[in-house]
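Open the model in your viewer and switch to a cartoon view. Keep side chains ready to display.

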Amino acid sequence: MPTLDEPYKLQKEDVEAFKLIFDYLKHLTTLSSGSILLVVTLAEKFFANSPFRGVLFLALVSFGWSILTALLSMAVISMNVGGGIFSPLARKAFAWGFAISALGFLGGMLLLIFTVVGQYG
């Protein structure tokens with residue numbers, strides 16, 4: 001496998017792997033969007049005067065960041081896999097977007113759990 005500074009010619013197995021990764025990113029985007037909608041819907045009722053509203057806001061930002069970076073990774077996959085060559089810039093953008101989207105979702109969930117436990121625990 002070449003380094004991230006060299007173009008990479010995709011094999012058939014790579015294309016199948018990218019299809020699975022694309023599906024993973026779609027699910028991550030759906031879960032993050034649903035989390036934002038759920039938090040916004042329930043925040044006014046359960047966290048109206050909470051000292052944890054700032055943490056709740058950070059969770060929303062984290063979910064939003066997860067969505068944006070997942071969409072970036074999905075766009076990179078869509079634009080590069082069909083051509084059969086993954087350029088160095090595309091590989092770096094995909095790797096960073098993929099990692100940050102997963103960490104953004106995980107961070108959002110942890111902040112949301114912290115908020116609920118802090119408020120009611």
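This tour goes through helix packing and then charged side-chain pairs in a predicted model.

**Stop 1: H1 and H2**

Select residues 12-46, helix H1, and residues 53-80, helix H2. Two packed helices are described by the angle between their axes and the distance between the axes. Here the axes come within 9 Å and cross at roughly 155 degrees. An angle over 145 degrees counts as roughly antiparallel, so H1 and H2 are roughly antiparallel to each other. Now check the handedness: H1 passes H2 in a left-handed crossing. Colour the contact by residue class. The contact of H1 with H2 has 16 nonpolar residues, eight polar and two charged.

**Stop 2: H2 and H3**

The crossing of H2 and H3 is left-handed. Colour this contact by class as well. The contact of H2 with H3 has 20 nonpolar and eleven polar residues, and no charged ones.

**Stop 3**

Side chains of opposite charge can pair when their charged atoms come close. How many salt bridges does the structure hold? There are two.

Select Lys19 and Glu16. They form a salt bridge, with the closest N and O atoms 3.4 Å apart. Lys19 and Glu16 are three residues apart in helix H1, so about one helical turn separates them.

**Stop 4: Lys26 and Asp23**

Stay on H1 and select Lys26 and Asp23. Their side chains meet in a salt bridge, 3.4 Å from N to O. What separates Lys26 and Asp23 along the helix? The two are three residues apart in H1, which means about one helical turn lies between them. Check the surface again. Lys26 has a relative accessible area of 39% and is partly exposed. Asp23, with 32%, is partly exposed.

**Last view**

Zoom out and show H1, H2 and H3 together. Trace the left-handed crossing of H1 and H2, then the left-handed crossing of H2 and H3.

How values were computed:
Residues are numbered from 1 along each chain as its sequence is written. This is a predicted model: local features need pLDDT of at least 70, side-chain atom pairs count only at pLDDT 80 or more; totals for chains, interfaces and linings use all residues. Side-chain values use heavy atoms; hydrogens and water are left out. Axes are lines fitted to C-alpha atoms, for helices over the stretch in contact, and angles run from 0 to 180 degrees between N-to-C directions. Helices (H or I, at least four residues) and strands (E, at least two) are DSSP runs, numbered from the N terminus. Angles under 35 degrees count as roughly parallel, over 145 as roughly antiparallel, 65 to 115 as roughly perpendicular and the rest as oblique. A crossing is left-handed if the near helix is turned anticlockwise from the far one by less than a right angle, and right-handed if clockwise. Ala, Val, Leu, Ile, Met, Phe, Trp, Tyr, Cys and Pro count as nonpolar, Asp, Glu, Lys and Arg as charged, and the others, Gly among them, as polar. A salt bridge is a side-chain nitrogen of Lys or Arg within 4 Å of a carboxyl oxygen of Asp or Glu. Buried means under 20% relative accessible area, exposed over 50%, partly exposed in between (1.4 Å probe, protein chains only).
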